[in-house]
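Please look over the sequence and the model shown here.

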Amino acid sequence: MAVFRSGLLVLTTPLASLAPRLASILTSAARLVNHTLYVHLQPGMSLEGPAQPQSSPVQATFEVLDFITHLYAGADVHRHLDVRILLTNIRTKSTFLPPLPTSVQNLAHPPEVVLTDFQTLDGSQYNPVKQQLVRYATSCYSCCPRLASVLLYPDYGIGEVPVEPLDVPLPSTIRPASPVARSPKQPVRGYYRGAVGGTFDRLHNAHKVLLSVACILAQEQLVVGVADKDLLKSKLLPELLQPYTERVEHLSEFLVDIKPSLTFDVIPLLDPYGPAGSDPSLEFLVVSEETYRGGMAINRFRLENDLEELALYQIQLLKDLRHTENEEDKVSSSSFRQRMLGNLLRPPYERPELPTCLYVIGLTGISGSGKSSIAQRLKGLGAFVIDSDHLGHWAYAPGGPAYQPVVEAFGTDILHKDGIINRKVLGSRVFGNKKQLKILTDIMWPIIAKLAREEMDRAVAEGKRVCVIDAAVLLEAGWQNLVHEVWTAVIPETEAVRRIVERDGLSEAAAQSRLQSQMSGQQLVEQSHVVLSTLWEPHITQRQVEKAWALLQKRIPKTHQALD
């Protein structure tokens, strides 16, 4: 069977009976679809008989909300799949009931294959049923012209129809505001307008649960706050966060796909309250276990400002069964960003002017980021390391290529009695003085670049195939022209300040001043191919570096492996 980029999964089995088989169904679907899998819930629908199957509304109950949560939780095992549960035909208990759509819905990725768990009596790929499946799918959604169809039988062999399990309720995952116990079959109340908020970085299945519940509750409008600016500062690895516009783009596409009848107001969230704290037209707020206290704080804020409380719906966190030692045990964007460390983020530069048998990495990072320790780890793995600071020291020495030009530019009063350049005096002369600093860098940077090229020739002579230039000013100096890839070490600024104070004996103010004179970690990452971090224990840094090194070996062109 061919593998399709996008597909539509029509689930016809009653939810309580379907739940035990979800993992098998998703695994079967994942073998056939490699990108986007849309899921359409139509429990109880028959695909047999001559009549065209008709879409019918599904009553939104807490069982339905729990089922959606469990489906997304199960889908997290298949991370290559972008699963989207379509909510168009799911209806809440409400006086305001918009009609079911009569037109075909356009999806962001038109399905190429339609799948179903519908069971035929003989357990075979019964052709008339497949034809009905295609007719039904194309009557609801805009699909590819040559739509393929597949009947999924994940839990039983040919000719074996399974015995339906007892009607066992799904574990509860949604907690409404009211402390009154609720039953799985209890209808969910609908509201005209509500809100949900988050960072929504690299939209994942836990986000999708939060958004899906909010979309089911809302009948007219959903306000979605997307964290930005100051609210991002406390995030782990903020340098790897998707830009606000990119997060909004992915979020908007998902929302319009799952419930196009809603009006969505996607806005930047710049403080902890956002519109939920001030908009009198809002009626509910969807939160997670982690943000429930924030929801309570919003309601207190509303009461203080003579606004009605919002109905709070609390969603359980999805567990991440594959989290590693330093990752959270929940499905989270923070863990996803950690897994990006060591990966190639953008295509390498082509550098035909560099030695053909040498692949060059430029390693940079803010002061205190631990880049030099990463350089030593790469050296231990076989890289030839060029320390730009050492090259600079040698260039400043009497007889070095920079000595005479620097003395001529800044005068003999920068010299010790023995004629050696006093770098502290020179540093005080240029620090905070852009004109003087430019005079110095115009002298030093071209000289260090020339010395680095000479060191590359030595690396080639020694038979090395990977060379690392360790340079804090790699990008400021324009030395990316010397490398195939830029690797950056990142660290929170507070941790960098602590390390600088401890290592160099500076005051916190002096350490912060040093950092402010450099490019920020965010600016460095924007031009980087690989990002690493020394935030955690040394063995975790080592694991990152080994991962980055192993991936590097796979992508180094064969021409750079000639001397192996």
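## Salt bridges

Lysine 233 counts as exposed, because its relative accessibility is 64% (exposed means over 50% relative accessible area, buried under 20%, and partly exposed in between, with a 1.4 Å probe and protein chains only). The side chain of lysine 233 meets that of aspartate 230 in a salt bridge of 3.3 Å, N to O, where a salt bridge is a side-chain nitrogen of Lys or Arg within 4 Å of a carboxyl oxygen of Asp or Glu. Aspartate 230 is likewise exposed, at 54% relative accessibility.

This is a predicted model, in which local features need pLDDT of at least 70 and side-chain atom pairs count only at pLDDT 80 or more, while totals for chains, interfaces and linings use all residues. Residues are numbered from 1 along each chain as its sequence is written, and side-chain values use heavy atoms, with hydrogens and water left out.

The whole structure holds 29 salt bridges. In one of them, glutamate 63 pairs with lysine 185, with the closest N and O atoms 3.0 Å apart; this pair links glutamate 63 in helix 3 (residues 62-75) to lysine 185 in the loop between strand 8 (174-175) and strand 9, 122 residues apart (helices, H or I of at least four residues, and strands, E of at least two, are DSSP runs numbered from the N terminus). Glutamate 63 is buried, with a relative accessible area of 8%, whereas lysine 185 is partly exposed at 49%.

## A buried aspartate

Aspartate 117 lies in the loop between strand 6 (113-116) and helix 4 (127-140). Aspartate 117 is buried yet has no salt bridge, and the nearest side chain of opposite charge, that of arginine 21, is 4.2 Å away (Lys and Arg count as positive, Asp and Glu as negative, and His and the chain ends are not counted).

## Aromatic pairs

There are 3 aromatic pairs, the rule being that rings of Phe, Tyr and Trp (its six-membered ring) pair if their centres lie within 6.5 Å, with planes under 30 degrees apart counted as stacked, over 60 as edge-to-face and the rest as tilted. The rings of tyrosine 191 and phenylalanine 284 are tilted, because their planes stand at 45°, with the centres 5.2 Å apart. Tyrosine 191 belongs to strand 9 (residues 191-198) and phenylalanine 284 to strand 12 (residues 284-288), so that the pair links distant parts of the chain, 93 residues apart. Both tyrosine 191 and phenylalanine 284 are buried.
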